[in-house]
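Here is a short report on one protein chain. Look at the fold before you read on.

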Amino acid sequence: MLIGSIEAGGTKFVCAVGDEDYRVKDQITFPTTTPEETLKQAVEYFKQFDIEALGVASFGPIEIRKHSPKSGYITTTPKPGWKNVDVLGYLQKELDVPMSWTTDVNGSAYGEYIMSTLSNEKINSLVYYTVGTGVGGGAVINGELLGEAGHPEMGHTFVKRHPDDLEFKGICPYHGDCLEGLVSGPTFEARLGQKGETVPLTDPVWDIMAYYLAQAVIQTTLIIRPDKIVFGGSVANETLLEKVRQNVAELLNDYVELPPLDKYITRPLIKNNGSATLGNFALGLNQLQE
């Protein structure tokens with residue numbers, strides 16, 4: 001049995017084919033250009049294989065409500081040309097197999113949840129944050145993705161400002177200094193005038209970002225009480241996460257009991273940015289079993 005996966009990113013599409021044990025059999029990556037060109041390229045790739053289902057995890061915002069006229073659409077994205085695009089409708093017309101549809105970060109959250117259970121971790125819930133060009137979050141609770149009226153937008157919550165960062169206005173075009181506006185990859189250039197990959201890990205900006213991400217962890221902890229919080233994305237290195245753990249310990253002040261923080265706040269189990277692909281395989285398989 002072969003299952004397909006599309007991780008539809010704003011910069012690139014990652015299409016893969018795997019088996020029912022979530023093993024990748026083939027994979028291709030290509031740039032996200034126009035909807036017509038990009039989706040056609042994805043369809044042509046999958047027509048080489050006899051897939052039985054497809055999992056799609058997309059950049060957003062997207063419409064996940066099945067009763068909505070725009071179910072399966074990318075909706076109010078700022079990405080040129082992709083606003084109000086019926087992604088799922090096109091794929092269903094061309095490929096005619098059962099499909100799952102969720103956000104890219106939900107796909108990663110589900111992949112990490114599945115891998116955690118396969119690794120014999122005793123968890124029932126997990127939250128996944130991606131910190132890169134943007135910030136997003138997804139949650140899995142008892143095997144189900146959180147969100148019926150819509151998908152979570154964890155990157156756009158508000159946090160208390162760091163005393164050494166009060167002059168920075170943030171870069172979110174909607175909210176200014178929401179979480180994404182303060183810790184996403186482009187904030188390095190906005191604050192320091194240099195790309196994030198060139199900023200030394202000793203720079204104080206990492207302490208500022210850790211302070212904000214720790215507040216996101218605390219919000220998530222106190223509202224959802226997950227068994228584990230995973231950080232992926234290009235910004236989330238281990239040095240940053242250790243600073244996040246230190247801030248969480250200080251700010252939470254032992255108010256609730258947590259697992260050891262190095263087990264609670266972690267990097268992805270699935271390497272090479274493969275979390276969404278595995279998650280899509282699993283979500284695609286679920287469509288066959290419904």
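Asn273 sits in the loop between strand S12 (265–266) and helix H9 (275–289). Helices (H or I, at least four residues) and strands (E, at least two) are DSSP runs, numbered from the N terminus. This is a predicted model: local features need pLDDT of at least 70, side-chain atom pairs count only at pLDDT 80 or more, and totals for chains, interfaces and linings use all residues. Residues are numbered from 1 along each chain as its sequence is written, and side-chain values use heavy atoms, with hydrogens and water left out.

Asn273 is not a glycine, yet its phi is positive. Asp254 is not a glycine either, and its phi is also positive. Asp254 lies in the loop between helix H7 (238–252) and helix H8 (261–264). Buried means under 20% relative accessible area, exposed over 50%, and partly exposed in between (1.4 Å probe, protein chains only).

| Residue | Phi | Relative accessibility |
|---|---|---|
| Asp254 | about 60 degrees | 71%, exposed |
| Asn273 | about 55 degrees | 67%, exposed |

Pro61 is in the loop between S4 and S5.

Now turn to helix H2 (residues 87–95). Its buried residues are Val87, Leu88, Leu91 and Leu95. Seen down the axis of H2, they fall within an arc of 90 degrees, so they line one face of the helix. The arc is that of the directions from the helix axis to the C-beta atoms. The cover over these buried residues includes strand S1 (2–8), helix H1 (35–46), strand S4 (51–58) and strand S7 (99–103).

Met99 belongs to strand S7. Is Met99 buried or exposed? At 8% relative accessibility, Met99 counts as buried. Leaving out residues up to four places away in sequence, Met99 touches Leu54, Leu88, Leu91, Gln92 and Gln287. Contact means heavy atoms within 4.5 Å. Met99 and Asn286 are 187 residues apart in sequence, but 9.2 Å apart in space, C-alpha to C-alpha.

Step back to the whole protein. There are nine helices and 12 strands. The radius of gyration is 19 Å, close to the 19 Å that the globule rule gives for 290 residues, so the protein is as compact as a globular protein of that length. This radius is taken over C-alpha atoms, and the rule is 2.2 Å times the number of residues to the power 0.38. Buried residues make up 52% of the 290 residues.
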